[in-house]
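Biologist: I would like to learn how to read a protein model feature by feature. Could you take me through one?

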Amino acid sequence: MITAFVLIQTDASRIPESAQSISEIAGISEVYSVTGEWDLIAIARVSRHEDLADVIADRLSKIEGIRSTTTQIAFRSYSQHDLDAAFSLGFDS
């Protein structure tokens with residue numbers, strides 16, 4: 001599974017509508033409204049790198065109100081569960 005974070009700038013008047021349209025795209029698992037330089041962050045999860053082109057370039061970037069996007073592809077995921085397992089020596093306290 002390939003995970004990408006798409007940072008999105010939209011027309012300020014279309015943030016909710018853009019977020020809703022983005023969330024309806026197959027391959028987008030979550031959309032967040034955020035503070036700062038970006039208006040929205042979408043999380044794309046696809047099987048192949050080639051699928052990112054369809055999800056982001058062919059569909060997401062063409063939604064009305066989208067001004068610009070920047071995509072960050074994740075290499076690895078870390079969670080508290082993963083960190084506990086990685087640092088566990090197997091000893092009970």
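This is a predicted model: local features need pLDDT of at least 70, side-chain atom pairs count only at pLDDT 80 or more; totals for chains, interfaces and linings use all residues.

Biologist: What share of the 93 residues is buried?

Modeller: Buried means under 20% relative accessible area, exposed means over 50%, and partly exposed lies in between (1.4 Å probe, protein chains only). By that rule, 29% of the 93 residues are buried. The accessible surface, from the Shrake-Rupley method with a 1.4 Å probe, comes to about 6400 Å², and 51% of this belongs to carbon and sulfur atoms.

Biologist: Which residues touch the most other members of the largest nonpolar core?

Modeller: In soluble globular proteins, nonpolar side chains tend to be buried together. A nonpolar core is a set of buried Ala, Val, Leu, Ile, Met, Phe, Trp, Tyr and Cys residues joined through side-chain atoms within 4.5 Å. The largest one has 19 residues, and Ile8, Ile22, Ile28, Ala42, Leu52, Val55 and Leu60 touch the most other members. At least two residues of this core come from each of E1, helix H1 (15–23), E3 and H2.

Biologist: Which residues of helix H2 are buried?

Modeller: An α-helix has 3.6 residues a turn, so residues three or four places apart point the same way. In H2 (residues 49–59), the buried ones are Leu52, Val55 and Ile56. Down the axis of H2 they fall within an arc of 75°, so they line one face of the helix. Their cover includes strands E1 (2–10), E2 (28–33), E3 (40–46) and E4 (66–73). Leaving out residues up to four places away in sequence, Val55 touches Ile25, Ala26, Gly27, Ile28, Ala44, Val46 and Leu60.

Biologist: Is threonine 10 buried or exposed?

Modeller: Threonine 10, in strand E1, is buried, with a relative accessible area of 3%. Beyond four places in sequence, Thr10 touches Ile15, Ser18, Asp39, Leu40, Gly65, Ile66 and Arg67.

Biologist: How many salt bridges does a search of the whole structure find?

Modeller: A salt bridge needs a side-chain nitrogen of Lys or Arg within 4 Å of a carboxyl oxygen of Asp or Glu. The search finds three. One of them joins Arg67 and Asp11 (2.7 Å, N to O). That pair links distant parts of the chain, since Arg67 is in strand E4 and Asp11 in the loop between E1 and H1, 56 residues apart. Arg67 is exposed at 60% relative accessible area, while Asp11 is partly exposed at 27%.

Biologist: Where in the chain are glutamate 30 and arginine 45?

Modeller: Their side chains meet in a salt bridge (3.2 Å, N to O), with Glu30 in strand E2 and Arg45 in strand E3, 15 residues apart. Asp51 and Arg48 also form a salt bridge (2.9 Å, N to O).

How values were computed
Residues are numbered from 1 along each chain as its sequence is written. Side-chain values use heavy atoms; hydrogens and water are left out. Helices (H or I, at least four residues) and strands (E, at least two) are DSSP runs, numbered from the N terminus. The arc is that of the directions from the helix axis to the C-beta atoms. Contact means heavy atoms within 4.5 Å.
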